[in-house]
Amino acid sequence: MARHKRVAQYTFRKLLKVLARPVKGDRGQGGTLIYPYRGYGSQREIFLMGRVFHQPSLGLPLESGVLRDMADIVRRMVRWGLADREVAISVGHHESVVTTDRDGYFYAHITLSRSLPTDTVWHKAELKVLGTEETLPAVADIYVPKPDIDLAVISDIDDTVMYTGVANKIKMMYRLFMEKADERTAFPGVAPFYQALHGGATGDAGRPMLYVSRGPWSIYEILEAFFHLNNIPAGPVLFLREWGLTLQHPLPKKAEDHKAHLIESMLSLYDELPFVLIGDSGQRDPEIYADIVERYPGRIKTIYIRSVHKQSDRDQSIARLAAKVQDAGCELILASSSEKMACHAFERGYISRAGKEAVVDADRAER
């Protein structure tokens with residue numbers, strides 16, 4: 001009984017920390033805040049998303065602890081997005097002004113009249129809210145790949161890069177909200193495989209690594225920490241829905257079709273590049289990707305599907321999809337390990353021999 005009580009107390013305390021974390025940045029002072037997410041783009045155009053919201057002040061001189069976390073959770077629940085706020089964005093010599101929607105989100109699409117410097121792939125965007133002096137400026141990172149890249153990679157995150165148990169909703173909720181970034185175990189061999197894909201056959205290609213997730217915006221910082229801790233190449237992390245925990249959105253938004261729409265926008269942005277898609281068999285990634293192959297012939301070279309399903313008939317349905325995409329000149333590889341993916345990628349010239357060997361060594365060691 002005592003042990004269960006300690007576990008319950010620990011779990012409760014950890015949950016408080018997770019839920020309170022997104023509002024800690026204002027040091028309890030509140031006010032109008034800008035929260036930008038990583039952007040991405042090309043030498044022709046860039047995209048950036050973020051949110052402007054009003055966050056109430058703490059009001060009490062509480063030190064770190066349970067009471068402070070509970071007060072911050074209340075602040076998080078009652079904060080609100082600020083509609084119709086003009087946000088000025090400056091990237092290099094380019095400036096743009098966008099207006100927040102009814103929930104405080106802004107979506108910037110900036111057409112570039114002059115190329116950005118090509119000696120770096122990460123560029124800084126400076127943001128500020130117009131018409132108010134109380135808002136602190138914010139800085140966002142924007143990824144623009146090198147002009148000579150040969151391939152782009154789009155990967156799912158949940159049950160593809162890291163264990164989240166998306167097929168098991170209770171397990172997914174626990175992993176999303178209860179585990180720290182260093183406890184969110186990556187699949188064996190994932191880090192060197194993604195490093196190899198990022199580096200290409202030469203090892204220094206610097207290919208775009210674009211990630212999509214079914215998770216909520218509230219775990220954005222945790223995923224960033226997870227990528228860093230596991231040495232997974234960073235890229236714009238694009239989430240599929242706003243889950244909420246605010247008075248405006250107490251329930252999750254539906255995620256139907258969002259992944260396909262995001263992938264389509266990336267295909268349009270990098271319209272001269274072939275793509276590799278990576279997902280898992282636990283949800284509908286094979287079906288979504290096969291549909292994209294059909295609608296965008298010649299754009300998808302290979303689909304890698306990590307096998308995480310338990311259903312006996314799932315292999316047959318994925319095999320039928322593999323035959324379907326093969327007719328369109330694409331390969332669909334159902335793999336139970338990163339090693340199998342890496343060996344195929346090396347055969348197709350996507351990664352270097354050293355990259356493949358690193359994946360094989362890591363996969364076997366971690367298993």
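The entries below follow the order of my look-ups.

**Basis.** I worked from a predicted model, in which local features need pLDDT of at least 70 and side-chain atom pairs count only at pLDDT 80 or more, while totals for chains, interfaces and linings use all residues. Residues are numbered from 1 along each chain as its sequence is written, and side-chain values use heavy atoms, with hydrogens and water left out.

**Salt bridges.** I counted a salt bridge where a side-chain nitrogen of Lys or Arg lies within 4 Å of a carboxyl oxygen of Asp or Glu. The count came to 11 salt bridges. For burial I used relative accessible area, with buried under 20%, exposed over 50% and partly exposed in between (1.4 Å probe, protein chains only). Helices (H or I, at least four residues) and strands (E, at least two) are DSSP runs, numbered from the N terminus.

I looked up arginine 207 and found its side chain in a salt bridge with aspartate 150, at 2.9 Å from N to O. Arginine 207 sits in the loop between α4 and β11 and aspartate 150 in the loop between β9 and β10, so the pair ties together parts 57 residues apart in sequence. Arginine 207 counts as buried at 1% relative accessibility, whereas aspartate 150 is partly exposed at 42%.

I then noted glutamate 264 and arginine 295, whose closest N and O atoms are 2.3 Å apart in a salt bridge. The former lies in helix α6 and the latter in helix α7, so this pair ties together parts 31 residues apart in sequence. Glutamate 264 is buried at 17%; arginine 295 is partly exposed at 37%.

I also recorded a network of salt bridges linking Asp156, Lys259 and Asp285.

**Helix α7.** I listed the buried residues of α7 (residues 285–295), namely Asp285, Pro286, Ile288, Tyr289, Ala290, Ile292 and Val293. Their cover includes β10, α6, β13, β14 and α8, with contact taken as heavy atoms within 4.5 Å.

**Aromatic rings.** I took rings of Phe, Tyr and Trp (its six-membered ring) as paired if their centres lie within 6.5 Å. The structure holds 7 aromatic pairs. Ring pairs link Phe193, Tyr194, Tyr211, Phe227 and Tyr304 into a cluster.

**Serine 337.** I located serine 337 in the loop between β15 and α9. Is serine 337 buried or exposed? Serine 337 counts as buried, at 11% relative accessibility. I found that its side chain reaches the backbone nitrogen of lysine 340 at 3.2 Å.

Definitions and conventions. A polar contact is a pair of N or O atoms within 3.5 Å; within protein, one must be able to donate a hydrogen and the other to accept it, and residues adjacent in sequence count only if both atoms are side-chain atoms. Rings of Phe, Tyr and Trp (its six-membered ring) pair if their centres lie within 6.5 Å; planes under 30 degrees apart count as stacked, over 60 as edge-to-face and the rest as tilted.
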